[in-house]
Amino acid sequence: MEAAARRRQHPGAAGGAAAQPGASFLQARHSAVKADEAAGTAPFHFDLWFYFTLQNWILDFGRPIAMLMERSPRTLPRAMIYLSIITFVMGASIHLVGDSVNHRLLFSGYQHHLSVRENPIIRNLKPETLIDSFELLYYYDEYLGHSMWYIPFFLILFMYFSGCFTPTKAESSMPGVALLLVVPSGLYYWYLVTEGQIFILFIFTFFAMLALVLHQKRKCLFLDSNGLFLFYSFALTLLLVALWVAWLWNDPVLRKKYPGVIYVPEPWAFYTLHVSSRR
């Protein structure tokens, strides 16, 4: 009876004793997860890179960009994430509107390898102030829209890349499925660089990635599978851009359209000059 009275006086004692095994199990499980996070390396995100490449090709739009931030091994500042997404969406929206008008003009005979004022369907417009309106539209699409779209795009990719390092040399390799995605991913970035006219932004990002790899190598840190995938995709893009420029190096019409030291013709300009004109 005294024992029963003690149990009535302290009803939480038995419950506390029964809860200890559950609490110990949760603590052990939490510790195990922490140990795995500390010792392990992020696996290759095949679903992320597959959908990222597929949707980029189909929609010409980086829709999985938010998922890319969430998968980043390094925690990114929330303010930077929100600001990048807002700027990215605004730039992409400007580009899509301008690009839609541009493609509609192509059906009317607009020649992409010529400037706005040199196009036959534009130069004879009356009043002439309409030409200024089309040049303004071209500026919003090709300069303002592209800058607001691609600068946060490559910034996010670089921030993700900066967290893709592992101290284990044996884990610095790519699975077979990753190798299959390198080619379409590199082709998309080639199209992005050439059609978007963002070679300077791309080469700056690539050299920043290369410098980071060399810096981390001094600390005995190596790229994991996701970092290798992104780095090889950019390296393939640089090779494709170099081959593209070398192929069209002596084209007099495109040389006139893209003067200066950096000569990277747009694929649509090549199409309207050498493909559609023959039909």
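Cys 164 has a relative accessibility of 1%, so Cys 164 counts as buried. Buried means under 20% relative accessible area, exposed means over 50%, and partly exposed is in between, with a 1.4 Å probe and protein chains only. Cys 220, at 49%, counts as partly exposed.

Before going on, this is a predicted model: local features need pLDDT of at least 70, side-chain atom pairs count only at pLDDT 80 or more, and totals for chains, interfaces and linings use all residues. Residues are numbered from 1 along each chain as its sequence is written, and side-chain values use heavy atoms, with hydrogens and water left out.

How many disulfides does the structure hold? The count is 0, where a disulfide is a pair of cysteine sulfur atoms within 2.5 Å. In general, a disulfide is a covalent bond between the sulfur atoms of two cysteines.

Now the rings. Rings of Phe, Tyr and Trp (its six-membered ring) pair if their centres lie within 6.5 Å; planes under 30 degrees apart count as stacked, over 60 as edge-to-face and the rest as tilted. That rule gives 25 aromatic pairs. In one of them, Phe 153 and Phe 154 have ring centres 5.5 Å apart and planes at 85°, so this pair is edge-to-face. Both Phe 153 and Phe 154 are buried.

Next, Trp 247 and Phe 270: their ring centres are 5.2 Å apart and their planes are at 50°, so the pair is tilted. This pair links distant parts of the chain, since Trp 247 is in helix α10 (residues 225-247) and Phe 270 is in helix α12 (residues 267-275), 23 residues apart. Helices here are DSSP runs of H or I, at least four residues, numbered from the N terminus. Is Trp 247 buried or exposed? Trp 247 is exposed, at a relative accessible area of 55%, while Phe 270 is buried at 17%.

One aromatic cluster includes Phe 153, Phe 154, Phe 161 and Tyr 188.

Last, the annotation. An unreviewed UniProt entry places "transmembrane region" at several spans, including residues 79-98 and 227-249. Residues 79-98 are 100% helix.

Definitions and conventions: Helix = DSSP H or I, 4+ residues; strand = E, 2+ residues; numbered from the N terminus. UniProt positions renumbered as here; feature names shortened; annotations may be inferred.
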